[in-house]
Amino acid sequence: MKLRSTVFPLLAAASALLAAPVNFADHVAPLMKARCAACHTGEKAQGKLDVNSAAAILRGGNSGAAVKPRRTPDSLLLAKITTGQMPPGPAKLSAAEVDVVRQWIDAGAPADAQAAASQPVAHVPTENEILPIFQIRCLECHGKRQQLGGLDLRTRASRLKGGKSGPGLVPGDPSASLIIKRIEAGQMPPMEMLREHSIRPPTTSEVDKLKAWIAGGAPEPAPGGKFVSAAPVVTEKDKQFWSFQPPRRTAPPVVKSAALARNTVDRFLLARLEAKSLSFAPEADKLKLMRRAHLDLTGMPPTPTEVAAYIKDTRPDAYEPLIDRLLESPHYGERWGRYWLDLAGYADSEGFGQDDGVRPFMWRYRDYVIRSFNTDKRYPQFLTEQIAGDEMGPWKDVKPVTQDLVDRIAATGFLRTVPDPTNATERGFIQERMNILADEVEVLTSSVMGLTVGCARCHNHKYDPIPQRDYYRLSAILQTSYDPYDWLSPKKREIALATDEEFAAVAKHNTPIEADIKRLEAKLDDVAKPLREEAKDPKLSIDALIKRFPDFKAKGEPLQKEIQALRGKLKPKPHVRGLTDTGGLPSTSYLLHRGDATMMTEPVDAGVPHVLQTAGLEPYRPAEPFAGANSSGRRLALAKWLTQPDHPLTARVWVNQVWLRHFGRGIVASPSNFGKSGVAPSHPELLDWLATEFVQQGWSTKALHRLIMTSAAYRQSSSASAEAIAADPENILVSRMPMRRLDADALYDSVLRATGRLDAKPFGPPEQIETRADKEVVPKGGADGYRRSVYVLSKRQSPVTMFDVFDQPSMTPNCIERRQSTVATQALQMMNGTMVWEHAKYMAGRIIDETGEDAGEQIRQAFQRTLGRAPRQAEFDALSDSYAEFGKLWPGRLARDNPQAPRSHLAKWMSLTTVCHTLLNSAEFAYVD
């Protein structure tokens with residue numbers, strides 16, 4: 001009060017608060033005259049800004065309007081005086097004087113009392129407007145997981161209650177409210193915690209909004225519900241689009257060449273072919289069909305032993321048991337699990353720029369997927385476990401911990417695959433958190449629902465009836481686990497879950513190492529103790545001691561290195577990388593203006609796209625998942641909604657994915673986009689028949705394989721008649737089987753199988769990779785050989801060179817369909833890459849061990865191992881001649897490289913190596929016919 005009685009401008013401020021509405025003439029003009037007019041008057045005003053009238057200030061100067069009525073964040077004058085940039089010199093405006101200017105702008109910048117009286121009443125922010133401020137700036141410390149100082153800022157009631165320091169706010173009096181005091185004093189959020197929690201202080205406009213809300217009485221939320229759930233108009237016509245309607249099962253068409261149809265699939269295809277006066281291509285020969293089936297189902301060619309057994313089986317139906325054997329192979333899950341891992345965006349590293357830290361236990365999700373395919377886990381269970389495994393039943397403190405329980409929680413790794421840089425606090429702010437949430441929505445919708453929804457993050461979808469509000473309702477389903485306002489970085493999400501046997505094995509390994517570490521640390525402390533006493537600092541680190549006392553370096557560094565080496569031998573304690581509900585009251589979800597994480601508009605409730613809420617489907621209804629569950633049930637409700645038999649998309653999308661992998665093109669050629677901007681199905685009746693058949697067969701993926709692979713369409717050769725090429729140039733009608741190049745995984749695995757270097761060990765931590773001197777990145781391998789590609793460490797920023805060259809996708813965030821390029825680097829990698837040469841060398845050595853010195857038999861064995869057949873005479877003669885020529889060239893090369901080695905025997909080995917290398921580089925090896 002003493003200050004107000006002595007300083008005229010503050011009397012004006014007091015009158016502004018207590019008397020008539022603020023106006024320029026009575027309240028702001030005295031401030032401008034006293035503090036600003038010396039530099040900003042008339043024609044010579046600095047920056048052409050005159051502050052002597054409201055009109056002049058509104059007109060502004062060289063920088064544009066100085067004031068924008070009712071838009072304090074955009075008003076340059078307020079920004080300048082708030083930051084102290086204006087007026088120059090020590091005589092700055094006081095907080096009370098700045099508040100007068102702020103109130104004037106909020107009131108609409110009226111010129112005089114009459115104008116002020118005609119201004120509308122100042123807007124009092126609502127709960128919906130101020131809650132986002134608390135969520136972004138405060139809930140990390142005062143939310144559901146922790147309430148520092150006993151303060152919970154999630155609700156009006158808890159803010160009024162306050163914490164240990166008293167009530168958080170006083171309705172009607174911002175200056176007396178503890179929240180405002182702490183913010184303006186720079187104490188909240190605490191400066192030392194801003195970096196730790198990746199948050200920033202409230203902006204000036206946010207503080208203004210909080211003050212206005214408190215000054216208006218801190219009104220309670222409006223009655224009638226907290227959330228806006230209704231979507232903008234999605235019409236019944238919108239819902240009639242084919243992919244938004246449940247699949248309709250139609251009777252198979254009648255065809256002229258019924259004898260060609262081996263099953264119902266063929267009848268749908270033949271009907272379209274016959275309409276174009278076409279038919280199927282002739283059936284592929286026995287060995288080609290065998291190799292095709294092996295590569296399709298296991299990702300590797302048959303062994304010579306398997307080929308020989310199949311040739312001997314002369315039964316007319318020998319092919320059908322072959323399919324059954326392959327479906328029961330443990331390699332089936334490895335091949336088809338890899339396809340699903342593409343859809344999920346699987347990688348073993350966090351993958352953000354150069355910050356590509358390894359995810360130590362991500363492999364548990366990979367193993368879960370492989371096991372699920374091998375056991376033919378029904379698709380609804382497979383999806384439900386991945387979307388909501390933690391909500392399917394109790395899992396915390398359950399004893400004993402079984403592998404099935406570990407798998408169920410590891411399954412939720414499906415929603416933990418995208419790049420997550422938030423272990424680094426500088427990359428953990430609200431925008432990055434929202435990006436991670438958006439990536440997971442994309443993974444879910446593109447892989448399971450076949451929809452492109454990403455553009456609805458910023459605006460209503462331009463093509464499909466997916467309004468922006470629906471996008472944020474869908475996103476809100478994940479927000480109880482990925483809470484952007486109460487964030488958990490990857491390290492904080494680790495779930496300590498494994499079988500007792502695994503924990504015991506790790507403890508048995510670590511206990512003696514930990515004892516050695518403690519012994520060495522005690523020894524190091526004894527050596528350091530007198531130096532710390534001399535420095536009078538008992539907490540001085542070893543590194544600091546080394547710098548401060550050069551004589552200590554000789555003693556301290558070796559012990560340090562020994563301790564570090566022992567720590568490197570420790571096995572990490574087992575955990576699961578999964579996604580669980582964080583419990584408690586969920587944070588409010590908002591529709592974000594243009595997708596900006598800081599521009600929240602209306603709150604929304606969790607829900608599914610309105611266009612898919614058809615009459616035949618049970619609605620999306622979250623509920624408590626199980627008794628005593630501290631979980632929202634939102635994800636479990638989503639899984640139940642998705643796996644209904646009549647869901648318009650779920651079965652269609654997966655059936656299309658399986659068809660794509662067998663034929664190289666989906667029935668819907670845009671597998672991630674079943675919407676209006678996607679490609680219409682080439683055979684819509686077949687797609688729906690397969691979708692309904694898939695459901696009727698118990699959602700069995702293996703049954704779907706059998707159906708497709710035993711069809712005449714699948715058993716066609718790749719030869720095409722002139723008529724077929726003319727009428728069906730892109731093979732959309734499936735008038736022949738396309739010849740396809742092996743993808744990166746199948747090519748690498750085939751090299752391992754053919755050369756005898758395959759280590760068939762399944763599951764567990766990934767095989768490590770290394771970067772050689774020539775910059776080629778290769779798997780390290782082990783004493784038993786090399787594991788399949790699916791078990792090789794997948795680092796986003798350091799992919800295995802061979803995988804990268806042959807189009808293994810970069811998971812950003814996932815891959816729905818692999819591209820197939822043909823570039824020179826692929827041939828160069830196979831010919832010049834050290835890895836392929838080393839495998840060929842190993843293969844040649846084993847052939848020599850088995851066949852002796854007979855060069856002809858060696859060549860025949862190389863053919864059988866690589867191409868699964870005997871060489872034709874012309875091929876045999878050509879390779880024999882080459883082998884002989886190589887035998888003349890290699891001794892000279894060996895003499896240069898290693899003059900002490902026995903050249904004759906080595907030359908024969910290297911000659912056969914060159915033959916093996918040539919076959920591995922052949923088109924027949926790299927392509928499946």
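Which residues lie nearest the centre of the second largest pocket? They are Trp-363, Gly-764, Pro-765, Pro-766 and Arg-787. This is a predicted model, in which local features need pLDDT of at least 70, side-chain atom pairs count only at pLDDT 80 or more, and totals for chains, interfaces and linings use all residues. Residues are numbered from 1 along each chain as its sequence is written, and side-chain values use heavy atoms, with hydrogens and water left out.

**View 1. The second largest pocket.** This pocket holds about 700 Å³ of space. Its lining counts 32 residues. On a 1 Å grid over the protein atoms alone, a pocket is an open set of points with protein on both sides within 12 Å along at least five of seven lines; a cavity is a set of points where a 1.4 Å probe fits but cannot get out; lining residues have an atom within 4 Å of a point. Grid points are joined across faces, edges and corners, and a volume is the space filled by probe spheres set on the points. Two or more lining residues come from each of α20, α22 (403-410) and α25 (500-535). α20 gives the most, with four residues. Helices (H or I, at least four residues) and strands (E, at least two) are DSSP runs, numbered from the N terminus. By class, the lining has 13 nonpolar, six polar and 13 charged residues. Here Ala, Val, Leu, Ile, Met, Phe, Trp, Tyr, Cys and Pro count as nonpolar, Asp, Glu, Lys and Arg as charged, and the others, Gly among them, as polar.

**View 2. The largest cavity.** The model has five cavities of 30 Å³ or more. About 100 Å³ of space lies in the largest cavity. Among its lining residues are Met-434, Arg-457, Tyr-471, Tyr-472 and Tyr-590. The elements giving two or more residues to this lining are α23 (430-449), α24 (468-478) and β1 (589-592). The largest share, four residues, comes from α24. Eight lining residues are nonpolar, three are polar and one is charged.

**View 3. The second largest cavity.** This cavity holds about 70 Å³ of space. Its lining includes Phe-373, Asp-376, Arg-378, Trp-654 and Thr-701. Four lining residues are nonpolar, two are polar and three are charged.

**View 4. Helix α25 and its bend.** α25 bends by about 40° at Ala-528, and Pro-530 follows within four residues. The bend at a residue is the angle between axes fitted to the seven residues ending there and the seven starting there. Buried residues of α25 include Val-506, Asn-510, Ile-513, Ile-517, Leu-520 and Leu-524. Buried means under 20% relative accessible area, exposed over 50%, and partly exposed in between (1.4 Å probe, protein chains only). An α-helix has 3.6 residues a turn, so residues three or four places apart point the same way. The buried residues of α25 pack against α26 (542-548) and α27 (550-569).

**View 5. Two residues with positive phi.** Lys-536 follows α25. It has a positive phi of about 55° although it is not a glycine. Lys-536 sits in the loop between α25 and α26. Is Lys-536 buried or exposed? It counts as exposed because its relative accessibility is 76%. Trp-699 has a positive phi of about 60°, and it is not a glycine either. Its place is the loop between α30 (684-696) and α31 (701-709). Trp-699 counts as buried because its relative accessibility is 8%.

**View 6. The nonpolar cores.** The largest nonpolar core has 124 residues. A nonpolar core is a set of buried Ala, Val, Leu, Ile, Met, Phe, Trp, Tyr and Cys residues joined through side-chain atoms within 4.5 Å. Trp-340, Tyr-365, Trp-659 and Leu-690 have the most contacts inside the largest core. α23 gives the most to this core, with 10 residues. Leaving aside neighbours within four places in sequence, Tyr-365 is in contact (heavy atoms within 4.5 Å) with residues including Trp-340, Leu-341, Tyr-346 and Phe-414. A second, separate core of 42 residues includes Leu-742, Leu-747, Leu-793 and Leu-919.

**View 7. Two cis peptide bonds.** Pro-400 lies in the loop between α21 and α22. Another joins Thr-812 and Pro-813, with omega about 0°. Pro-813 is in the loop between α34 (801-805) and α35 (824-832).
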